[in-house]
Amino acid sequence: MKKTFLKVLTVVSAVLLCLTANAENYPYRSDYLWLTVPDHADWLYQTGERAKIEVTFLKYGIPQDVEVRYEIGPDEMPATSAGKVQLKNGRATIDMGTMKQPGFLDLRLTATVADKTYKHHVKVGFSPERLQPFTKNPKDFDQFWAKNLEEARKTPVSVSCTKSDKYTTDKVDCYLLKIRTDSRHSIYAYLTKPKAQAATTGGSGAKYPVVLCPPGAGIKTIKEPMRNHYYAENGFIRLEMEIHGLNPEMSDEQFKEISTAFSAENGYVENGLDDRDNYYMKHVYTGCVRAIDYLCSLPDWDGRNVIVQGGSQGGALSIITAALDKRVTACVANHPALSDVAGYLDNRAGGWPHMNREHNMLTPQKVETLQYYDVVNFARRVTCPVFLTWGYNDDVCPPTTSYIVWNLITAPKESLITPINEHWTTSDTNYSQMLWIKEHLK
């Protein structure tokens with residue numbers, strides 16, 4: 001096991017006009033900046049230790065003497081204390097207190113200048129290596145998924161393949177695929193591969209590792225199939241997939257018409273949750289394995305290396321697929337969603353999609369179903385090497401749940417922890433993950 005910490009002594013991060021689900025700490029051309037510096041460089045404390053944060057508020061890089069209001073509360077939970085402080089020479093230190101149990105505290109800051117409100121937050125951890133899931137591990141978990149995969153595989157994988165000229169380059173060939181994954185469902189995907197082996201079937205020549213990339217959350221198609229073109233340029237066959245059977249080449253009008261059939265943008269993760277056999281995500285999980293069935297049927301697969309890689313919901317599906325399919329030889333996941341979703345019932349943060357925020361969504365029956373679909377129970381079963389990345393300031397997939405997933409993985413594992421990050425990774429981090437994969441090829 002190896003941990004890599006991005007240690008940040010001073011962190012310039014966002015002034016936000018409002019807090020939204022996709023808000024980020026790094027501003028774009030903002031006049032105002034917050035500087036927040038925990039007195040522990042790695043932002044971590046032992047339970048019982050007090051955390052102190054030096055806060056600076058700047059305009060044009062010049063410290064401002066303003067009043068800052070603050071709230072302090074556990075990760076994703078209501079505030080347990082509040083106060084205000086007057087910055088002097090643009091600075092003040094706020095004592096966040098401590099936690100008696102493992103977890104994260106969130107310092108939420110607000111400053112008002114010329115009738116505009118600027119917000120920021122920073123989370124620090126207390127003995128997070130001791131965090132454990134609330135979600136139970138069902139005794140028949142393995143039998144349940146073996147049965148579902150067997151049922152899905154009664155339908156042979158069938159694929160329609162069209163060369164995508166608009167995405168093909170002088171180095172990479174790109175294909176749009178429709179893959180039948182079971183008797184009722186299909187997925188769309190873009191397949192990219194090195195130019196040297198242009199055909200998807202037949203022929204001989206170079207052999208390549210395969211990489212499956214499941215999508216992030218939402219009712220959406222694949223908008224940027226070439227955003228990770230460097231995989232094919234570095235000798236990988238890569239499959240970028242969606243999960244709803246939505247053709248990425250449909251018109252905006254067609255997409256709008258189809259997407260309105262879903263109750264909400266992320267309503268699918270609640271669809272059928274009262275019945276583990278009827279839950280929407282069942283065919284999504286088995287569909288990821290069927291996508292690997294397809295990749296492993298390619299004549300230019302190297303016969304050894306199968307990698308899964310994704311972020312958020314895609315990170316969750318990567319871990320899930322690695323657990324369900326022992327052909328997977330390496331797994332890369334960023335801030336995995338769907339992790340200890342019922343954790344709110346333990347009076348602490350649970351994972352996306354934060355079902356506690358909707359009425360009647362964490363009933364005993366739904367919680368029982370979630371046990372078969374929660375990432376924590378797949379993390380226990382992963383055996384291949386894992387590279388996991390997460391940030392502490394993430395309010396979408398909170399650090400509490402990412403740490404729980406990390407703590408449960410017993411396979412060889414490495415982590416990149418980037419405390420300042422919210423729900424994003426940089427292009428450099430994404431590229432470094434491809435390099436990590438190359439280092440772990442068999």
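The model is predicted, so local features need pLDDT of at least 70 and side-chain atom pairs count only at pLDDT 80 or more, while totals for chains, interfaces and linings use all residues. Residues are numbered from 1 along each chain as its sequence is written, and side-chain values use heavy atoms, with hydrogens and water left out. Helices (H or I, at least four residues) and strands (E, at least two) are DSSP runs, numbered from the N terminus.

**An open sheet**

- Five strands make up an open sheet with mixed pairing, in the order β4-β11-β10-β7-β8; two strands pair if DSSP finds at least two bridges between them.
- The edges belong to β4 (44-45) and β8 (81-86); each has a single partner strand, so one side of each is left without a neighbour in the sheet.
- Six bridges link β7 (residues 67-74) to β8 in the antiparallel sense, and within this pair arginine 69 stands opposite lysine 84 of β8.
- As background, strands of a sheet pair through backbone hydrogen bonds, either parallel or antiparallel.

- Strand β14 (residues 186-194) runs antiparallel to β16 and is joined to it by four bridges, with leucine 191 opposite leucine 239.
- Strand β15 (residues 208-213) pairs with β16 in the parallel sense, also over four bridges, and here cysteine 213 stands opposite glutamate 240.

**Glutamate 242, a buried charge**

- Glutamate 242 sits in the loop between β16 (237-241) and α3 (252-259).
- This glutamate is buried yet has no salt bridge, a term for a side-chain nitrogen of Lys or Arg within 4 Å of a carboxyl oxygen of Asp or Glu.
- The nearest side chain of opposite charge to glutamate 242 is lysine 178, 9.2 Å away; Lys and Arg count as positive and Asp and Glu as negative, while His and the chain ends are not counted.
- Backbone nitrogens do come within reach of the glutamate 242 side chain: the one of tyrosine 188 lies 2.7 Å from a polar atom of that side chain, and the one of glycine 245 is reached at 2.9 Å.
- Leaving aside residues up to four places away in sequence, glutamate 242 touches Ser186, Ile187, Tyr188, Pro215, Lys220 and Ile222; contact means heavy atoms within 4.5 Å.

**Nonpolar cores and a covered helix**

- The largest nonpolar core has 115 residues, of which Leu107, Met281, Tyr285 and Ile319 touch the most other members.
- Such a core is a set of buried Ala, Val, Leu, Ile, Met, Phe, Trp, Tyr and Cys residues joined through side-chain atoms within 4.5 Å.
- Helix α4 (residues 281-295) supplies the largest share of this core, nine residues.
- A second, separate core has 12 residues, including Tyr231, Ala330, Leu416 and Met434.
- Not counting residues up to four places away in sequence, isoleucine 319 touches a set of residues including Cys331, Pro336, Phe378, Leu388 and Val405.
- Helix α8 (residues 399-408) is largely enclosed by the rest of the structure, because 10 of its 10 residues are buried; among them are Tyr403, Val405, Trp406 and Asn407.

**Backbone spots worth a look**

- Most residues other than glycine have a negative phi, and most peptide bonds are trans.
- The peptide bond from tryptophan 352 to proline 353 is cis, with omega near 20°, and proline 353 lies in the loop between β18 (330-334) and α6 (364-371).
- Asparagine 347 is in the loop between β18 and α6 too; its phi is near 60°, a positive value in a residue other than glycine, and asparagine 347 is exposed, with a relative accessible area of 62%.
- Serine 127, in the loop between β11 (116-126) and α1 (141-152), has a positive phi of about 45° although it is not a glycine, and serine 127 is buried at a relative accessible area of 0%.

**A serine in helix α9**

- Serine 432 belongs to helix α9 (residues 427-439) and counts as partly exposed at 30% relative accessibility.
- The C-alpha atoms of serine 432 and glycine 391 are separated by 16 Å, with the two residues 41 apart along the chain.

Methods
Buried < 20%, exposed > 50% of the residue type's maximum accessible area, 1.4 Å probe, protein only. Polar contact = N/O pair within 3.5 Å; in protein donor to acceptor, adjacent residues only side chain to side chain.
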